[in-house]
Amino acid sequence: MVEGENIRLGFRRHMDIFRGFPLLTFLEVSTGLPVMVWLYGGGFLAGGSMGANFLDNYLYSGQEIADRGNVIIVTLGYRVGTLGFLSTGDSSLPGNYGLWDQHAAIAWVNRNIRSFGGDPDNITIFGESAGGASVSFQTLTPHNKGLFKRAISQSGVALCSWAVNENPRKFAEEIALKVNCPTDDTMAACFKMTDPALLTLAGSLSLSSSPDHPLVENVALSPVIDGDFLPDEPYNLFHNAADIDYIAGVNDMDGHVFTGLDVPSINAPLIDTSV
């Protein structure tokens, strides 16, 4: 048996918790179960805690894992796109808001999961693509010390070329021009007064690409080195992950959806691809 509950963390911030009750009667409650916290992917631009719904079957529903694995599954939402990762590269709009959302949820789970039958000392965070990179960032930040024990990154880590925006100011100025904001010191203040829907649409992904300029280079709304959540480049922060058990993995067709746009002929078996 699996029980699900939606927890409200704040304005438009919710968390789904699934817990299994294997071989229990309705009067008994599990205790000390391992916990897994899922971070969805979507290029830091899109996504949701439950994922897409196919025939009333949600892609990221935690029910099956909870049912089979004798484990509590937590899925959470975090801000994406301009509302989650737009940054001016300075203290006026430092960015990484989506990563801070993830951190807040992980900290909440650590503090409260015992009330749901979970073990706060046996928490694993896991995610895929941008979610996998997010997991990696959560292991590297100094703000998560002691909050979880293990981490799994599927098809994405903090060292990926698309995972860090090294020039956030440039992209912020491009967004500013789209929403009629100035590009001077008042840019951040203007962003904060701009309609959120307009700001979100201004940060949509450009699908223009080629072998020389692959699509992943257009993923500009991504984490930044803000001096706080990420005080340094990811490759200089591995000491923060020294006490975390970590697995990272890939699939043999990883990135094909992007490469198919960069080099369309790879999806045409009768056409040679000269790249």
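Leu-55 sits in the loop between β4 (53-54) and β5 (57-58). Helices here are DSSP runs of H or I with at least four residues, strands are runs of E with at least two, and both are numbered from the N terminus. This is a predicted model, in which local features need pLDDT of at least 70, side-chain atom pairs count only at pLDDT 80 or more, and totals for chains, interfaces and linings use all residues. Residues are numbered from 1 along each chain as its sequence is written, and side-chain values use heavy atoms, with hydrogens and water left out.

Leu-55 counts as exposed because its relative accessibility is 87%. The cut-offs are under 20% relative accessible area for buried, over 50% for exposed, and partly exposed in between (1.4 Å probe, protein chains only).

The structure holds one disulfide, a pair of cysteine sulfur atoms within 2.5 Å. The bond joins Cys-181 to Cys-190, with S to S at 2.0 Å. Its torsion about the S-S bond is about -80 degrees, so the disulfide is left-handed.

| Cysteine | Relative accessible area | Class |
|---|---|---|
| Cys-181 | 6% | buried |
| Cys-190 | 16% | buried |
| Cys-160 | 23% | partly exposed |

Two asparagines have a backbone feature worth checking. Asn-96 is not a glycine, yet has a positive phi of about 65 degrees. Asn-96 lies in the loop between α2 (81-85) and α3 (97-112). Its relative accessibility is 0%, so Asn-96 counts as buried. Asn-180 also has a positive phi, about 60 degrees, without being a glycine. The loop between α5 (168-178) and α6 (187-193) holds Asn-180. At 71% relative accessibility, Asn-180 counts as exposed.

Last, a charged residue. Glu-233 is in the loop between α7 (196-202) and β9 (245-249). Glu-233 is buried but has no salt bridge, and the nearest side chain of opposite charge, Lys-170, is 17 Å away. Lys and Arg count as positive, Asp and Glu as negative; His and the chain ends are not counted. A salt bridge needs a side-chain nitrogen of Lys or Arg within 4 Å of a carboxyl oxygen of Asp or Glu. Leaving out residues up to four places away in sequence, Glu-233 touches Glu-166 and Ile-225, where contact means heavy atoms within 4.5 Å.
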